[in-house]
Amino acid sequence: MKYPIAKPILNGNERKYLIDAFDSTWISATGKYLNEIEKQFADYCGVSEAITCFNGTVALHLALMAIDLKPGDEVIMPAVTYIATANAVHYMGGVPVFVDVRPDTMNIDEKAIEAAITEKTKAIIVVHLYGHPCDMDPIMEIAKKHNLIVVEDAAEAHGATYFSQRTGEKVAQKVGSIGDIATFSFFGNKIITSGEGGMVTTNNKKYADSVRWLKNQGMDPQKRYWFPIIAYNYRMTNLQAAILLGQFENITWHLEQRRRIAERYIQNFKGHSAFIVPPEQANVKNSFWMFTILLGDAVMGHRDLVMQKLAEEGIETRPVFYPLTEMPPYFEADHLAKYPVSFKISYAGFNLPSSNNLTDEDIDFISEKVKQVVAGL
Ligand SMILES: *Cc1c(COP(=O)(O)O)cnc(C)c1O
């Protein structure tokens with residue numbers, strides 16, 4: 001594909017640090033790059049603790065272990081997200097309980113959360129989909145009222161900000177610092193990458209200690225090679241951390257490019273009835289991970305054909321995540337009635353190329369092709 005959906009741009013110190021880690025022979029799960037990225041990422045998010053791990057999926061698994069999710073516990077989450085959000089709950093014997101999403105931000109509909117709470121509900125996982133933060137003030141209020149733990153799946157939203165009004169004053173909060181515990185992914189197509197990689201962030205020392213313990217086979221921190229619990233090897237390597245630190249040093253640049261790309265697409269598609277562009281609500285700063293466009297009612301039935309025709313032009317696209325309740329592991333027979341918005345956006349939307357090296361001319365070319373294909377339907 002001439003225009004891939006999202007390719008890593010490794011234009012900072014990634015190579016230098018990687019070679020340095022290699023030459024130092026600290027290529028395994030200890031080393032200065034691991035220490036450095038944990039420290040800097042915690043500072044950046046505004047939390048006291050950041051813990052590296054192997055990927056975003058195990059970050060979720062570690063977070064759910066840290067909050068002591070028990071078999072049978074219910075966890076509320078949006079019906080539209082990447083499969084890992086639900087799978088991590090399933091690994092714990094927990095039960096994902098799905099809630100419909102909002103038509104504008106595509107995030108969990110906070111107004112629908114309370115109806116999904118039962119005696120078994122333990123936590124809410126919010127997913128800041130495609131980089132737009134969830135509306136966290138009402139969600140944190142609901143969690144407080146019902147004594148629920150809030151886990152943020154921030155895999156797609158590094159650096160996004162929510163402006164909280166909970167205290168009466170406007171307070172900027174980076175995603176990953178708002179709920180009780182949060183997770184990030186550094187997979188190759190994410191805003192910053194280490195190839196495979198993940199992070200857990202929290203201000204809760206107890207959760208952080210659990211995560212550090214559980215990702216390292218449960219080895220007793222006071223007594224080496226003594227294992228009082230069954231745990232996991234979910235460690236990141238110093239090589240991955242070296243790449244990640246190089247990426248992280250340029251995170252402001254990476255986010256600026258995402259914004260430039262999104263703003264140009266929005267300008268190109270705005271005002272056409274066939275297209276709905278993603279919002280940026282007044283109380284957030286979107287990190288615009290992957291640019292998502294929805295087709296208007298008159299043309300949405302042709303979404304797959306549009307994507308196929310764009311592929312023929314060398315433009316890679318990706319459908320919005322399918323509702324999880326449509327797939328065999330989480331199938332629900334009455335899902336169309338229960339999650340109408342999830343179905344609508346899932347079948348109307350697709351992601352456009354969003355790599356940080358796209359030029360304005362590339363974006364204009366892609367936008368023109370999308371318009372041509374839709375006009376020719
Ligand atoms: C990418 C992603 C994950 C999982 O991350 P991996 O690093 O691929 O395991 C989890 N949740 C969401 C919403 C994601 O987009």
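Helix H4 is followed by Gly 93, whose phi is positive, near 75 degrees. Helices (H or I, at least four residues) and strands (E, at least two) are DSSP runs, numbered from the N terminus. The model is predicted: local features need pLDDT of at least 70, side-chain atom pairs count only at pLDDT 80 or more, and totals for chains, interfaces and linings use all residues. Residues are numbered from 1 along each chain as its sequence is written, and side-chain values use heavy atoms, with hydrogens and water left out.

**Helix H4**

**Sheet**
- Seven strands form an open sheet with mixed pairing, in the order S1-S9-S8-S5-S4-S2-S3; strands pair if DSSP finds at least two bridges between them.
- At the edges, S1 (49-53) and S3 (95-99) each pair on one side only.
- Strands S8 (residues 181-185) and S9 (residues 198-202) run antiparallel and are joined by four bridges, and Ala 182 has Thr 201 as its bridge partner in S9.

**Ligand**
- Among the 14 residues around the ligand, Gly 56, Thr 57, Glu 156, Ser 185 and Lys 190 come nearest; a residue counts if one of its heavy atoms lies within 4 Å.
- Oxygen atoms of the ligand lie 2.5 Å from a side-chain N or O atom of Thr 57 and 2.7 Å from a polar side-chain atom of Ser 185.
- A nitrogen atom of the ligand is 2.8 Å from a polar side-chain atom of Asp 153.

Terms used
Polar contact = N/O pair within 3.5 Å; in protein donor to acceptor, adjacent residues only side chain to side chain.
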